[in-house]
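Work through the exercises below with the sequence and the coordinates open. Each task is followed by a stepwise solution.

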Amino acid sequence: MFYLRKLLAGKSSATFTAIGTSILVWVILPLFLNHYWISVLIETLVYGLFAMGLSVLANYTGLPSLGQAAFFGTGAYALGISLVRLGQGQGISVLLSLAAIIMIAVIFGVLVLQTKGIYFLFITLGLAQILWAIAWKWQSVTGGDDGLVGITRPNLGLSWWNLSTANGFYYFILTIFILAFLALLVIAKSPLGRTFVGVRESEVRMSCLGYNVWLHSYFAFIISGFFSGLAGILFAWYNMFVAPQQLSMTLSAEGLFMGILGGGTIGGAFLGAVIIVLLKHIASLVTDHWLLVMGAFYIIVIVYMPQGLSSMLQRR
Amino acid sequence: MKNLTSPLITENLSVHFGGLQAVADVSFAAEEGMIHAIIGPNGAGKTTFFNLVSGLLQTSAGRIRLFGQDVTRLSPQQRATLGVGRTFQVVNIFSGLTVLENLLLAAQSQKNMKFVFYRRGTSYRALSVKAREMMEEWGFSEKSDTLAQSLSHGDQRQLDLMLALIAEPKLLLLDEPTAGLSRAETATLTEIIRTLSLKTTILMIEHDIEVAFALAKRITVLYEGRIFADGSPNEIRIDPRVKEIYLGEEEA
């Protein structure tokens, strides 16, 4: 609470009003929605968290990656494997999944940060594709292209909070999302978060000020992976089924696009995710050719609003 | 052998890019608490020399000693931690951050708190106070929340220098600090540099010969990567060979 008040104290109070309002909307909205739209809302939170995590790396640190799905998939598969194949409880499974995510981030980070620019894009993509191939081929553990079925949702053991109901589960996901969101905002405004932006703006300046640019990029990579991986855990609970698609390049690219659409801030990445998820569902309700709609939308945004939505709003 | 704890000593420093000998056999020593200017025509290797000293370039041969310590193989950040600060010929600031954020980022660079991720950066009072004092002193208080990229060129140059200074370097490398500045801005900056020299050793590359003569106690002329002449401003001013390379450049 102490930190929250400090956060509120600064000139970012406008940001906080905006965040407070949107949280309120997400709290109230499900009361007026049917099951289908509640699950759409859950998807906005899951992909929103995924995109916000990626935003730390791609937008804050200036290291766009095409392999962020590696963390999402690792979180989702690790939870599923622990629950279904190892028969562990939910608590242990979550801890194992978080450990797996951090381990992947720590190892991949060393490998990918040898490179920059287009090479960074390709090495992150390559590593994620390796995980994708493992998920595809290692039938006995991952279920291969049939996916991993039988993932269960946790039970909080509270009579007033039942996660087997649509609303109960929604608020569970929302709670974790809000905590993660606040943590990300604190990190973004912290001394460490500021160094990420410094790395993006000028590596030479940073090293001549005495910063180890590599180390700060590495921290950004791990923090980014952690939150995107956490989104994968939420996804596994939500979907109760994990497939190689959760490790796909499509997901990584979508996450990057959400960040661009959002205009480069963490809150913006969430906004981008909301728009993409909603547009997907609405377009697919209207037409079978919804992929065409998405493609056109991507092109329009990249050509006419390369700075994304939130920067357009700021200019007004 | 010169004083071993001199802020900067280079011994036979050389670097080549392919066949081009950019800096050749430069043996140089800076004296503590003095303004030392490096001049020379374009392509003389002045900025390359700075890049070698600050560690952005690796030497091909020779050694560099900072404050008595051999740093030839150390990284730029390790040298910065020893107390080397620098500015850049092409302004190098954090364009997308505000002036205050720029200064805080530079100020925290030598503190362990730079790894703290659970507290708001501006809650570190000592650093905020330091940054605000500096902005006041430099007339930037009004521009505290201005994005660095929106500042005028002159202000950006000053911010570049402020970034180097707030980390309190013992040796300051200024790469053409007055480039692109108006006459009035140049005069202001000249005064600022003169004041700075009371606290720190300054090595400056200066294209504006008049500024160099006005500020420096000692001047080194680089030409084609080598030390061509070295002495007091008066000695350099009357050196006919120096005149020749400068005039030769203008005629070309």
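The exercises treat a predicted model.

**Exercise 1.** Decide what the radius of gyration says about the overall form of chain A.

Solution. Start with the chain length, 316 residues; a compact globule of that length would have a radius of gyration near 20 Å. Chain A has 19 Å, so the value agrees with a compact globule. Next, take the box along the principal axes: the C-alpha atoms of chain A fill roughly 55 × 45 × 45 Å. Finally, count burial: 47% of the residues in chain A are buried.

**Exercise 2.** Trace the open sheet of 6 strands in chain B and locate its edge strands.

Solution. The strand order is β6-β7-β8-β3-β9-β10, with mixed pairing. The edges are β6 (84–86) and β10 (226–231) of chain B, each pairing on one side only. Neighbouring strands are turned by 20° on average, direction ignored. Inside the sheet, β3 (35–39) and β9 (218–223) of chain B run parallel and are joined by 4 bridges; Ile39(B) has Val221(B) as its bridge partner in β9(B). Helix α1 (46–54) of chain B packs on the sheet, and its direction makes about 150° with that of β7(B).

How values were computed: Residues are numbered from 1 along each chain as its sequence is written. Chains are lettered from A and ligands numbered from 1 in the order in which they are written. This is a predicted model: local features need pLDDT of at least 70, side-chain atom pairs count only at pLDDT 80 or more; totals for chains, interfaces and linings use all residues. The radius of gyration is taken over C-alpha atoms; the globule rule is 2.2 Å times the number of residues to the power 0.38. A residue is buried if 20 or more other C-beta atoms lie within 10 Å of its own, exposed if 12 or fewer, and partly exposed in between; C-beta atoms are placed from the backbone. Two strands pair if DSSP finds at least two bridges between them. Helices (H or I, at least four residues) and strands (E, at least two) are DSSP runs, numbered from the N terminus. Axes are lines fitted to C-alpha atoms, for helices over the stretch in contact, and angles run from 0 to 180 degrees between N-to-C directions. Two residues are in contact if their C-beta atoms, placed from the backbone, lie within 7 Å.
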